[in-house]
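I opened this notebook to record what I looked up in the structure. The entries follow in the order in which I made them.

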Amino acid sequence: MSDYANDVLVSADWVDEHLDEFQSDDPDYRLLEVNNPTVTADSEYTAYEEGHAPGAVFLDWEEDFTDQTTRDILSKDTFEETMGEAGVSEDSTVVFYGGGRVPNWFALFAYWQFKYYGHEDVRVLNGGKDYWVANDYPLTDEEPDFPSQDYSARGPFESIRAYRQDVEQAVEGGLPMVDVRSPEEFKGEIIAPEGLQETAQRGGHIPGASNVPTATVLNDDGTFKTADELSELYADAGITEDQSVVTYCRVGERSSIAWFALVELLGFDDVQNYDGSWTEWGNIIRSPIEKGEAE
């Protein structure tokens with residue numbers, strides 16, 4: 001995988017070779033399965049309790065990576081507490097994987113949040129859980145119980161996160177934005193994928209955004225396309241590395257995949273993930289929107 005800008009993707013073979021380390025009480029290596037069961041129920045995802053990679057700790061996207069009161073990601077204190085309870089230290093090599101309607105859908109939101117709080121050694125299983133299961137890598141129903149750790153975060157690093165005012169400035173300045181939702185969501189034909197409760201008052205997209213649906217960055221087996229293929233895909237949408245870029249979706253999880261592809265795989269220097277996304281923008285009174293195809 002040396003054609004990527006950063007060495008952050010690991011193969012299923014690599015994870016398989018390190019299973020002893022992932023199952024050790026020593027926190028040097030930790031494997032985290034991140035999903036949202038309410039979303040993956042309609043997919044072919046194997047539930048954690050029915051089988052997971054040996055040593056993997058389960059974290060729920062909604063319960064473990066979002067604040068249940070303030071409509072936000074975890075506070076620094078809560079992030080530190082949650083990761084410490086999972087047996088993760090700030091020096092751990094952390095590998096994420098997950099399933100969902102798109103492989104690693106929620107795992108990459110967790111990855112982005114780890115980077116926001118300054119965790120240095122974070123990686124992603126290329127292809128996610130779908131690939132792991134489809135290719136007969138080992139599964140277990142035994143849940144690990146690792147010793148708690150004292151986790152101390154270095155962040156937050158705000159340069160990778162966009163807020164409403166940042167998006168307003170991007171619209172005014174004509175800066176590029178990547179909307180990773182489905183074409184139907186982008187055009188305003190639907191507001192959210194079927195079965196998902198987070199919604200907005202209006203359908204459409206942020207003015208000036210380009211539509212690069214999440215799955216287009218992946219191969220049929222869920223692994224990422226090559227760097228050359230990704231560069232061409234984004235260039236065709238008008239997204240190049242000499243610009244500041246904002247990625248968004250509906251609640252910030254799918255757009256984390258685009259953020260990851262642009263920053264970690266292609267080496268873009270200035271990319272922000274707008275985790276408020278359409279559930280914020282589509283509800284703001286007087287905020288400009290567009291419908292239909294991108295102009």
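Entry 1, strand pairing. I took two strands as paired if DSSP finds at least two bridges between them; strands (E, at least two residues) and helices (H or I, at least four residues) are DSSP runs, numbered from the N terminus. I found Asp-179 opposite Asn-211 in β10. Strand β9 (residues 177–179) runs parallel to β10, and three bridges join the two.

I note that the model is predicted, so that local features need pLDDT of at least 70 and side-chain atom pairs pLDDT 80 or more, while totals for chains, interfaces and linings use all residues. Residues are numbered from 1 along each chain as its sequence is written, and side-chain values use heavy atoms, without hydrogens and water.

Entry 2, the sheet. I read the order β8-β12-β11-β9-β10 for an open sheet of five strands with parallel pairing.

By an automatic or database domain assignment, the chain is divided into domain 1 (9–156) and domain 2 (159–282). I recorded 23 Å between their C-alpha centres. In contact (heavy atoms within 4.5 Å) are 23 residues of domain 1 and 28 residues of domain 2.

I looked up which residues join α10 and α11. Ala-227, Leu-230 and Tyr-234 in α10 meet Ala-258, Ala-261, Leu-262 and Leu-265 in α11.
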